[in-house]
Amino acid sequence: MNPDNYLYLAAILFTIGAVGVLVRRNALVVFMCIELMLNSANLTFVTFSRRMGSLDGQVLAFFTMVVAAAEVVVGLAIIMTVFRTRRSTSVDEADEMRG
């Protein structure tokens with residue numbers, strides 16, 4: 001399979017994630033779209049790493065996965081706290097918490 005196909009797939013996944021972040025109002029869906037964007041970045045890192053014959057991109061993808069795992073822990077804790085207080089996961093209602 002041509003490495004360009006992996007880059008096209010990564011671009012499509014990133015676009016789907018970006019549209020989901022911009023359009024959706026549910027915090028869980030937005031959160032999943034951000035994870036989709038991070039996974040597409042990982043696919044790009046690994047594709048370029050393989051194309052260049054180096055392990056640098058794969059190491060960077062591993063560190064991105066570690067950061068994404070930490071983001072999941074913190075993000076879900078925040079979403080659960082907002083849900084317990086507001087009984088909703090709407091991003092618009094969470095924005096009203098400033099004050």
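A nonpolar surface patch of about 500 Å² is formed by Leu-55, Val-59, Phe-62, Phe-63 and Val-66. Such patches consist of residues with over 30% relative accessible area and no salt bridge, nonpolar side chains (Val, Leu, Ile, Met, Phe, Trp, Tyr) being joined within 5 Å and like charges within 9 Å; accessible areas come from the Shrake-Rupley method with a 1.4 Å probe, and for residues only the protein chains shown count as cover. The model is a predicted one, in which local features need pLDDT of at least 70 and side-chain atom pairs count only at pLDDT 80 or more, while totals for chains, interfaces and linings use all residues. Residues are numbered from 1 along each chain as its sequence is written, and side-chain values use heavy atoms, with hydrogens and water left out.

Leu-55, a member of the patch, lies in the loop between H2 and helix H3 (56-86). Helices here are DSSP runs (H or I, at least four residues), numbered from the N terminus. Leu-55 counts as exposed because its relative accessibility is 56%; buried means under 20% relative accessible area, exposed over 50%, and partly exposed in between (1.4 Å probe, protein chains only). Ser-54 belongs to the loop between H2 and H3 and is partly exposed, with a relative accessible area of 28%. A polar atom of the Ser-54 side chain lies 3.2 Å from the backbone nitrogen of Asp-56.

Helix H3 comes next. Its 31 residues should span 45 Å at 1.5 Å a residue, and its end C-alpha atoms are 44 Å apart, which agrees; the expected span is 1.5 Å times one less than the number of residues. Buried residues in H3 include Gly-57, Ala-61, Thr-64 and Ala-68. An α-helix has 3.6 residues a turn, so residues three or four places apart point the same way. After H3 comes Arg-87, whose phi is positive, near 60°.

Helix H2 (residues 27-52) contains Ser-40, which counts as buried because its relative accessibility is 2%. A polar atom of its side chain lies 2.7 Å from the backbone oxygen of Met-37. Leaving aside neighbours within four places in sequence, Ser-40 is in contact (heavy atoms within 4.5 Å) with Ala-10, Leu-13 and Phe-14.

The count of salt bridges comes to 1, the term requiring a side-chain nitrogen of Lys or Arg within 4 Å of a carboxyl oxygen of Asp or Glu. The side chains of Arg-51 and Asp-4 form this bridge (2.6 Å, N to O). The pair links distant parts of the chain, with Arg-51 in helix H2 and Asp-4 in helix H1 (residues 3-23), 47 residues apart. Arg-51 is partly exposed at 39% relative accessible area, and Asp-4 is partly exposed at 28%.

Methods:
Helix = DSSP H or I, 4+ residues; strand = E, 2+ residues; numbered from the N terminus. Polar contact = N/O pair within 3.5 Å; in protein donor to acceptor, adjacent residues only side chain to side chain.
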